[in-house]
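Visitor: I am new to this structure and would like to learn how to read it. Could you take me through it feature by feature?
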Amino acid sequence: MKTSFSQRLLSLYSNYQNFMKGRYGFFDSLNKTLFVTSLILWLFRGVLFSELLVTVIYFVLLGIVVYRMLSKKIYVRSNENQKFLKATAKIRQFLANFSLAKRKTQGKKQTKSQANIQYVVFSCSHCGQSLRAPQGKGKIKVTCQKCQHTFVKEV
Ligand SMILES: [Zn+2]
């Protein structure tokens, strides 16, 4: 009897689960960093370093990632990750502060441009209430807040 595609997929999955049982199997921060580093190196192969060197480093880094994922020494692997996080804490803090500072200056720029808007002050032609509108808008229809009188004003 032929097995259906979904059955085959299911058995493949359970095989995978059996295989991964008791293994680290975790794409942790250290693995992520190694993986990203290897990708960046790969993109710059032949630019910053020679192609051969990059290829060697690339496969070594990927090898470490796969080795750590498949490792049965779960405790040792998670310890490695903790050490890595501790060692890079300052760098990550710096990067976090950097992006925060960048966001802050962007916020400042926005409030500055808002402050740069000039207003024209004029009075209502009906009741004399002083009103204001942003300068340079051309002819605008103004509704007085006090008496609801509408008139056209050029600003
Ligand atoms: Zn008015």
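Guide: From the N terminus on, the elements of the protein run α-α-α-α-α-β-β-β-β, where helices (H or I, at least four residues) and strands (E, at least two) are DSSP runs, numbered from the N terminus. This is a predicted model, in which local features need pLDDT of at least 70 and side-chain atom pairs count only at pLDDT 80 or more, while totals for chains, interfaces and linings use all residues. Residues are numbered from 1 along each chain as its sequence is written.

Visitor: What radius of gyration does the protein have, beside that of a compact globule of 155 residues?

Guide: The radius of gyration is taken over C-alpha atoms, and the globule rule is 2.2 Å times the number of residues to the power 0.38. A compact globule of 155 residues would come out near 15 Å, but the protein has 32 Å, and its C-alpha trace spans about 90 × 50 × 35 Å along the principal axes.

Visitor: How many of the residues in strand β3 are buried?

Guide: A residue is buried if 20 or more other C-beta atoms lie within 10 Å of its own, exposed if 12 or fewer, and partly exposed in between, with C-beta atoms placed from the backbone. In β3 (residues 139-143) the count is zero among five residues, and of the 155 residues of the protein, 5% count as buried.

Visitor: In which sense do β3 and β4 pair?

Guide: Two strands pair if DSSP finds at least two bridges between them. Strand β4 (residues 150-154) pairs with β3 in the antiparallel sense over five bridges, and T143 has T150 in β4 as its bridge partner. Six residues lie between the strands of this hairpin, where Q148 takes a positive phi near 65 degrees.
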